[in-house]
Amino acid sequence: MKTMNITLRTVTPLFLGGADMQAELRPPSIKGALRFWFRFAEGARQNGDSVKIKTEEDRLFGSTDKGTGLFNLRLQKIMEAEQEKSKYLWPIEIGYMGYGPVTYNKEFKKFVPSRSFFDANKEINFDLIFWPRATDHDIQRIYESLWLWTHLGGFGSRARRGWGSLELVDPKEGYAPQPVNTSDKDALKKAINQGIKKIVGEDIPTCAEFTHWFSGAEIRVPYIADKWEQAMEWMGRKFIEYRSNYSKKTVPSGQNKYPCWSDHDLVYNYLRPIGRSYVHPLKAPARVIFGLPQN
């Protein structure tokens with residue numbers, strides 16, 4: 001058997017737990033994340049052919065029909081969770097990105113964690129133990145899933161809002177792509193694109209019927225910060241500016257550029273009594289892409 005030792009580092013706080021909502025890290029959670037990112041790559045490699053994707057996924061990761069896959073996962077040590085939630089005070093921009101695991105504290109007028117969590121800059125150590133029948137190509141596929149997960153994804157609650165971001169700490173000799181570490185936006189974008197291209201190849205589909213890479217997808221790097229709090233605050237501010245009417249008060253007349261302002265007026269005029277500027281909406285709010293209902 002071949003064993004690959006993996007060290008990940010939490011870049012942003014990680015809210016991951018069981019039914020009791022307390023911080024807990026378990027091997028099935030890690031294996032599930034690797035499985036998702038395998039589909040992300042294999043979907044492109046197989047041009048969205050769900051039968052071929054599932055066949056290869058079951059072979060590598062296992063299934064109820066096929067039994068165990070080609071590897072086991074063993075945690076080396078248990079991370080210590082943060083229990084003292086009151087010492088973490090985050091501004092509204094950061095809180096906005098984490099409603100649920102993060103809640104507003106009226107006393108401090110800041111956002112605080114609502115449950116235990118794994119703080120930023122903590123290490124996750126585990127072993128990938130491959131069975132003798134696993135080839136070097138099979139191991140490469142699992143490593144690629146790990147690379148995609150740590151460069152494009154996250155872990156736990158609100159992962160799509162920046163929480164639970166992870167960094168692949170130790171490069172694995174003989175496996176590609178290598179971890180990307182740069183503070184230059186253009187260089188970061190280029191390196192990630194090159195890594196994806198190396199994983200999925202050149203001949204990829206033009207559209208995606210489910211979550212996998214395709215030729216129309218883009219990697220964008222709009223902002224880079226030295227600390228995770230700065231990056232999350234920047235991103236949260238962008239969300240607030242887009243989704244609320246608050247920033248309208250701070251921008252001079254004639255410079256309105258966020259669609260939410262027209263959304264606000266659209267709904268406000270509709271809700272007013274008939275005879276007092278009542279206007280039946282002729283279009284859907286731009287923010288409907290975030291789901292309904294909207295405030």
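A salt bridge is a side-chain nitrogen of Lys or Arg within 4 Å of a carboxyl oxygen of Asp or Glu. Side chains of opposite charge can pair when their charged atoms come close.

This is a predicted model, in which local features need pLDDT of at least 70 and side-chain atom pairs count only at pLDDT 80 or more, while totals for chains, interfaces and linings use all residues. Residues are numbered from 1 along each chain as its sequence is written, and side-chain values use heavy atoms, with hydrogens and water left out.

The structure holds 17 salt bridges. Three of them are listed here.

| Pair | N to O distance |
|---|---|
| Arg45 and Glu144 | 3.2 Å |
| Lys87 and Glu82 | 3.7 Å |
| Arg220 and Glu218 | 3.4 Å |

Take Arg45 and Glu144, joined by a salt bridge. This pair links distant parts of the chain, 99 residues apart. Arg45 sits in helix 1 (residues 27-45) and Glu144 in helix 4 (residues 136-152). Helices here are DSSP runs of H or I, at least four residues, numbered from the N terminus.

Burial is set by relative accessible area: buried is under 20%, exposed over 50%, and partly exposed in between (1.4 Å probe, protein chains only). Arg45 and Glu144 are both buried. Arg220 and Glu218 are both exposed.

Lys87 has a relative accessible area of 55%, so Lys87 is exposed. Glu82 counts as buried because its relative accessibility is 13%.

Salt bridges also form a network. Arg35, Arg39, Lys54, Glu57 and Asp58 are linked in this way.

Definitions and conventions:
Helices (H or I, at least four residues) and strands (E, at least two) are DSSP runs, numbered from the N terminus.
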